[in-house]
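Visitor: Could you take me through a single part of this model in some detail? I would like to follow one chain, from its overall build down to a single residue, and then see where it meets its partner.

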Amino acid sequence: MFTPVPNPTTNPVAAKFGQQDLIRRSASSVTAPAKRQTEVAKLIDVSKCIGCKACQVACLEWNNLTEEVGVNVGVYDNPHDLTANTWTLMRYTEYENAESGNLEWLIRKDGCMHCEDPGCLKACPAPGAIVQYSNGIVDFDHDKCIGCGYCIKGCPFNIPRISQVDQKAYKCSLCSDRLAVGQGPACAKACPTQAIVFGTKDEMKQWADHRIKDLKSRGFKNAGLYDPPGVGGTHVMYVLQHADKPQIYAGLPNNPSISPLVEVWKGVTKYVGLAAIGAFAAFGFLHHAVAGANRVTAEDEKNAERLTEGQR
Amino acid sequence: MSKSEVDAGDSVHPGKPVIVDRYTVAARINHWITAVSLVLLALSGLALFTPALYFLTGLFGGGQLTRIIHPWIGVVLFLSFMGLFFRFFRLNLWERTDSVWMSRMRDVLANEENKLPEVGKYNAGQKMVFWSMSLFILVLITSGVVIWDQYFGNYFTIEQKRIAVLIHSATAIVAICVWIVHVYAAIWVRGTIGAMTRGKVTGGWAWRHHRRWLKDLVTGKN
């Protein structure tokens with residue numbers, strides 16, 4: 001068993017990280033702290049998940065969210081997708097393993113992956129609305145969010161959702177408020193099978209190795225860790241029985257990265273665009289300085305008068 | 001024989017100087033609604049386009065309001081520009097002499113208009129502004145709807161929105177460049193702005209810049 005984060009003291013404690021620990025801030029720059037905090041991570045072991053949804057409930061509970069009563073369309077996923085209130089969602093897949101002939105019930109806890117290279121943050125136009133702490137947490141600051149939905153376009157995992165109530169974007173915060181006072185995320189706390197464990201990223205990788213060995217010994221020869229390098233690694237990682245095909249886990253992207261469209265839009269378009277506007281304006285000034293105004297002459301007026309004379 | 005260059009409302013008043021009515025009151029109001037919308041759109045759009053200009057959201061009451069207002073101004077611009085389009089498109093149709101005019105851009109820029117073919121109500125540069133703006137505004141409203149999440153968020157995929165947002169911003173940049181050309185030309189060619197404010201130009205202006213239009217007006221061709 002992985003030793004869970006112990007219950008914290010009931011005495012007030014100072015926050016373990018804050019504004020001074022930002023390494024990225026949307027639409028603005030920050031001076032990175034001299035020393036990076038130990039990177040944290042949540043490890044979700046899909047092979048251990050029993051699909052009880054305690055994590056979903058704990059998430060709603062801790063974050064004081066209420067989900068609307070939905071409708072049953074014959075699947076276990078409830079609600080049917082992530083919403084502005086449901087920041088984590090169990091996605092159920094019935095997978096027929098052709099090799100073993102077994103039916104496998106793959107249950108993946110979906111939610112923000114807390115990318116090291118966060119697409120949401122890169123796409124965000126509002127200064128400070130999305131921040132990344134040096135421990136790896138990517139968090140939304142709703143006071144600064146303008147509800148444009150750019151984060152949705154930036155995210156390679158399709159995670160943020162805009163609330164229909166206040167038109168702001170919501171997603172898993174990795175319980176940054178709990179972490180700040182030394183607790184683990186609410187979902188990890190609630191998980192009865194340790195399918196969700198939390199610790200430093202190194203600890204989680206070690207624990208994942210241990211789990212992968214175990215799975216391999218049970219015949220899952222492609223068991224592995226999902227920590228996609230395309231986004232610089234993530235601070236929410238999965239242990240997958242079939243790490244060679246992540247897409248079978250309710251469409252977990254195979255090799256996620258920030259869309260090139262977003263990179264072009266937020267990169268070259270911005271610089272070339274502003275340069276083009278500047279160049280056109282500069283051409284105007286230059287032309288006016290060199291060629292001067294195009295003025296109507298007295299001769300022109302005379303010609304017009306001559307032309308219209310017959311009209312009098 | 002070429003078509004008449006005269007629009008409804010254009011007329012010539014002999015005198016010293018000759019005065020020519022170029023734009024009707026309705027056309028001018030239509031133009032200025034479009035103009036104000038376009039400037040507001042450029043300011044609010046640039047605010048969301050680059051963090052360096054995010055401060056422009058202050059003009060609209062903050063980021064949230066900028067995000068809310070921008071698409072609505074876009075709707076106003078689109079409808080208003082439709083009005084301009086149907087008013088102006090006939091005399092903006094491309095003619096062979098327009099290509100000649102464009103090929104002599106050196107003379108145009110050097111204020112040597114006597115070396116150019118006689119121009120009707122619009123010269124080739126004005127026609128280019130007209131047609132490019134018509135195209136860009138159509139592209140902008142279409143791509144804009146795709147990224148108008150509050151009302152249309154559920155109708156498009158994220159990938160479609162990514163494409164739309166890139167097209168929207170790139171097109172907006174080009175449209176702003178065309179707008180700069182449009183405004184600069186109005187300043188550079190003196191006597192032009194009066195056409196869109198009081199609706200009138202002098203006969204000399206018409207003779208110098210739009211001689212075929214003036215001649216058609218005087219001969220009463222229509």
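Guide: Of the contacts in chain B with a separation of 6 or more, 67% are between residues 24 or more positions apart. Keep in mind that this is a predicted model. Chain B holds ten helices and three strands, and from the N terminus on its elements follow the order β-β-α-α-α-α-α-α-α-α-β-α-α. Along the principal axes, the C-alpha atoms of chain B fill a box of roughly 60 × 30 × 30 Å. Of the 222 residues in chain B, 38% are buried.

Now let's pick out one residue. B:Val76 sits in helix 2 of chain B, which covers residues 63-88. B:Val76 counts as partly exposed because 16 other C-beta atoms lie within 10 Å, while a buried residue would need 20 or more. In sequence, B:Val76 is 38 residues from B:Leu38, yet their C-alpha atoms are 9.5 Å apart in space.

Finally, the partner. Between the two chains, 47 residues of chain B are in contact with 44 residues of chain A. On the side of chain A that touches chain B, at least two residues each come from helix 3 (150-154), helix 7 (260-266), helix 8 (268-291) and helix 9 (298-308). Helix 8 of chain A gives the largest share of that side, with twelve residues.

Technical notes. Residues numbered from 1 in each chain as written. Chains lettered and ligands numbered in written order. Predicted model: local features only at pLDDT ≥ 70, side-chain atom pairs only at ≥ 80, totals over all residues. Helix = DSSP H or I, 4+ residues; strand = E, 2+ residues; numbered from the N terminus. Buried ≥ 20, exposed ≤ 12 C-beta atoms within 10 Å, placed from the backbone. Contact = placed C-beta atoms within 7 Å.
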